[in-house]
Amino acid sequence: MIIAVDGPTASGKGTIAKALAAHFGLPHLDTGLLYRAVGVMAVRLGGDPDNADEALAGCAFDDALLADEHLRSEMAGGLASRASRHPAVRAALLERQRAFAGQPAGAVLDGRDIGTVIAPGAEAKLFVTASVAARAARRFNEMVRRGEQVTLAEIAADLAARDARDSSRAVAPLKPASDALLLDTSDLTIGQAVQRAIELVNSRAEGGSSARP
Ligand code: C5P
């Protein structure tokens, strides 16, 4: 079974995807990490992620970079968002993601275009959302725990800018697949969100559509 989990940053999609992979015994790929690696690598090579050729050069990152904690920073997220709007960058990462999705037992992938572009035939597609206020508060708490100096207003502005960039780009914009099930996590705990996600996937795996909100 292929499970596609898409949604904006800090919606909870990564946590949900990881939990779904553990629950259903499937391998998991956080595709955002690939774009983060491209953005960071492009800068390390002296390039600008807004420039298509220089962003593309970042696709030659070493896989060891994927384990680098720095990729999880807001800064790397911003670089990823800038690099990811170039069609050549998306094309360069396409096969890797499709191969992961095509493993015999199936897989869970989370990102922005899994249900629409990478695995349009996925058996279960979730689109995970949450209000900007809820997402900013979560990200703020995470960053404060890590000892980073930020304000809630800065984070909310950054999230809104990233949403706008991801949703308005010409290639593979952030949008739910027509057959995706929506999961709004604004008022849910992590446990509740994961439970609901499992129910939604099961409803799809059983061939039902009654779970559509
Ligand atoms: O999900 P995450 O916040 O790690 O993604 C970082 C950035 O990478 C996103 O803002 C988006 O621009 C880009 N991305 C993408 N397609 C994906 C995953 C991430 O364009 N499948």
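How many residues does helix H5 have, and how far does H5 reach from its first C-alpha to its last?

## Helix H5

Helix H5 (residues 87-101) has 15 residues and reaches 20 Å from its first C-alpha to its last, close to the expected 21 Å. The expected span is 1.5 Å times one less than the number of residues. Helices (H or I, at least four residues) and strands (E, at least two) are DSSP runs, numbered from the N terminus.

This is a predicted model, where local features need pLDDT of at least 70 and side-chain atom pairs count only at pLDDT 80 or more, while totals for chains, interfaces and linings use all residues. Residues are numbered from 1 along each chain as its sequence is written, and side-chain values use heavy atoms, leaving out hydrogens and water.

## Helix H4

Let's turn to H4. Of the 10 residues in helix H4 (residues 74-83), 8 are buried, so H4 is largely enclosed by the rest of the structure. Buried means under 20% relative accessible area, exposed over 50%, and partly exposed in between (1.4 Å probe, protein chains only). Among the buried residues of H4 are Glu74, Gly77 and Leu79. H5 has buried residues too, including Val89 and Leu93.

## Strand E3

What about the strands? In strand E3 (residues 107-111), 5 of 5 residues are buried. Ala107, Leu109 and Gly111 lie on one side, with Val108 and Asp110 on the other.

E3 pairs with strand E1 (residues 2-6) in the parallel sense over 5 bridges; two strands pair if DSSP finds at least two bridges between them. Asp6 has Gly111 of E3 as its bridge partner.
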